Amino acid sequence: MLIKMKKSAQLIQSNNDECVMMNKKLDANCNSRISNHEVISMPFSSVSEAISWGAKMLLESIGDASLAERESKWLLESSAVSAGRDPLFLNQPDLTARVSSVFRSHIARRSRGEPLSYVIGEASFRGIDLFVTSDVLIPRPETEQLVDEILKLIPKAAEWQILDQGTGSGAIAIAVALERKLVHVTGIDKSTSAIDIAKKNVKRYGLENRIDIIEADIFPKEGLFDMIIANLPYVPDKVDLPKEISEWEPVLALRGGPTGMEVINRSIELSNKFLKPNGLLIYEIGEEQESGFREHWQNRFEFKKDLNNKIRFMIDRG
Ligand code: GLN
């Protein structure tokens, strides 16, 4: 048995790069021959060997050698964590077969164009570490700014009920709850898989008492709120998106209808029923949508720009 496994491992190792690049084929070919997955990926003999192998594999898709090297290092660290190891363990000269195996599969995913955050399984948002999968958007810098704008509207001592529509990973809800200790946030999303991620993130920050995550379209069955905050889908159906977004991120979180404004308009139309008197609304919107919203809502909203000098936020101060 031992000899057979060794022989298989050698055979696979000799064809290793190709095997990893075509992960499915590797599973079909190799797993059918040997059941012990650990044997498939020969451990790297050192951390530096693993990092330079990963960098070489990533160079073609990333194009920049020093970025490829950095990403390779991050992916090795995240592989150590996924394999149940402390990343500090990487300072030691040997890598286990398990870490090597996870690392090879992470490099293969990244070199097929999957966004780094999905491969690592985490993204950072205003210093908050969030679990992410391709069921939720990777939080954007503009949305970090949306939180700045939201916080400007909430007094420190406010004991408000806030509704976060299209909560996704829970990024906005968590960031707001961490900065305003007396608010209660209801995060709502229609994707069951997004709900699971948001709940995990809320738990990670111990905010279960102050954030409810609810599966529903854009409003709960009932409730009265002081403020509605939202990064709802707003990309028009026919507008092209960069491949890295369109091929990997959830359509449900991006496409807002023929003009892109349909979901946000629906939220505004129904908001009266759910807002307390003088309740506030704030939305992240598309950069081309100011005139459309102005026209539709007769100058009800105030518009603000993001750091790229593009109109991005729309506010009704109640
Ligand atoms: N800003 C996102 C993008 O880059 C869109 C987010 C959204 O539709 N809410 O595509």
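## What counts as exposed

Gln298 has 7 other C-beta atoms within 10 Å, so Gln298 is exposed. Keep these cut-offs in mind for the rest of the report.

## The whole protein

This is a predicted model. The protein has 318 residues, and 37% of them are buried. Its secondary structure comes to 15 helices and 9 strands.

Gln298 is in the loop between helix H15 (290-296) and strand S8 (302-305). Asn299 is also in the loop between H15 and S8. With 8 C-beta neighbours inside 10 Å, Asn299 counts as exposed, because the limit is 12 or fewer.

Check the backbone angles here. Most residues other than glycine have a negative phi. Gln298 has a positive phi, near 40 degrees, and is not glycine. Asn299 has a positive phi too, at about 55 degrees, and is not a glycine either.

## Helix H5 against H7

How do helix H5 (residues 47-62) and helix H7 (residues 97-111) cross? Their axes come within 9 Å, at an angle of roughly 15 degrees. Angles under 35 degrees count as roughly parallel, so H5 and H7 are roughly parallel to each other. The crossing is right-handed.

From H5, the contact uses Ala50, Gly54, Met57, Leu58 and Ser61. From H7, it uses Ser100, Phe103, Ile107, Arg110 and Ser111. By class, the residues of this contact divide into 5 nonpolar, 4 polar and 1 charged. An α-helix has 3.6 residues a turn, so residues three or four places apart point the same way.

## Met57, a buried residue of H5

Is Met57 buried or exposed? Met57 sits in helix H5. It has 20 other C-beta atoms within 10 Å, so Met57 is buried.

Leaving out residues up to four places away in sequence, Met57 touches Ile107 and Ser111. Met57 and Ser111 are 54 residues apart along the chain. Yet their C-alpha atoms are separated by 6.9 Å.

## Helix H5 against H6

H5 also meets H6. The axes of H5 and H6 come within 7 Å and cross at roughly 125 degrees. That angle makes H5 oblique to H6. This crossing is right-handed.

On the H5 side, the residues in contact are Ala50, Ile51, Gly54, Ala55, Leu58, Leu59 and Ile62. On the H6 side, they include Ala65, Leu67, Ala68, Leu75 and Leu76. Overall, the residues of this contact divide into 11 nonpolar, 2 polar and 3 charged.

Arg70 is found in helix H6 (residues 65-82). Arg70 has 15 C-beta neighbours inside 10 Å, so it counts as partly exposed. Arg70 and Gly54 are 16 residues apart in sequence. From C-alpha to C-alpha, they are 9.8 Å apart in space.

## Helix H9 against H10

Helix H9 (residues 141-153) and helix H10 (residues 171-179) form another pair. Their axes come within 10 Å and cross at roughly 40 degrees. That makes H9 oblique to H10. The crossing of H9 and H10 is right-handed.

Thr143, Leu146, Val147, Ile150 and Leu151 in H9 meet Ala171, Ile172, Ala175, Val176 and Glu179 in H10. The residues of this contact divide into 8 nonpolar, 1 polar and 1 charged.

How many of the 9 residues of H10 are buried? The count is 7, and H10 is mostly covered. The buried residues of H10 are Ala171, Ile172, Ala173, Ile174, Ala175, Val176 and Ala177.

## Around the ligand

Which residues are around the ligand? They are Arg140, Glu142, Asn231, Pro233, Tyr234, Val235, Leu241, Ile245, Leu254 and Glu284. By class, this shell has 6 nonpolar, 1 polar and 3 charged residues.

Conventions. Residues are numbered from 1 along each chain as its sequence is written. This is a predicted model: local features need pLDDT of at least 70, side-chain atom pairs count only at pLDDT 80 or more; totals for chains, interfaces and linings use all residues. Axes are lines fitted to C-alpha atoms, for helices over the stretch in contact, and angles run from 0 to 180 degrees between N-to-C directions. Helices (H or I, at least four residues) and strands (E, at least two) are DSSP runs, numbered from the N terminus. Angles under 35 degrees count as roughly parallel, over 145 as roughly antiparallel, 65 to 115 as roughly perpendicular and the rest as oblique. A crossing is left-handed if the near helix is turned anticlockwise from the far one by less than a right angle, and right-handed if clockwise. Two residues are in contact if their C-beta atoms, placed from the backbone, lie within 7 Å. Ala, Val, Leu, Ile, Met, Phe, Trp, Tyr, Cys and Pro count as nonpolar, Asp, Glu, Lys and Arg as charged, and the others, Gly among them, as polar. A residue is near a molecule or strand if its C-beta atom, placed from the backbone, lies within 6 Å of it.
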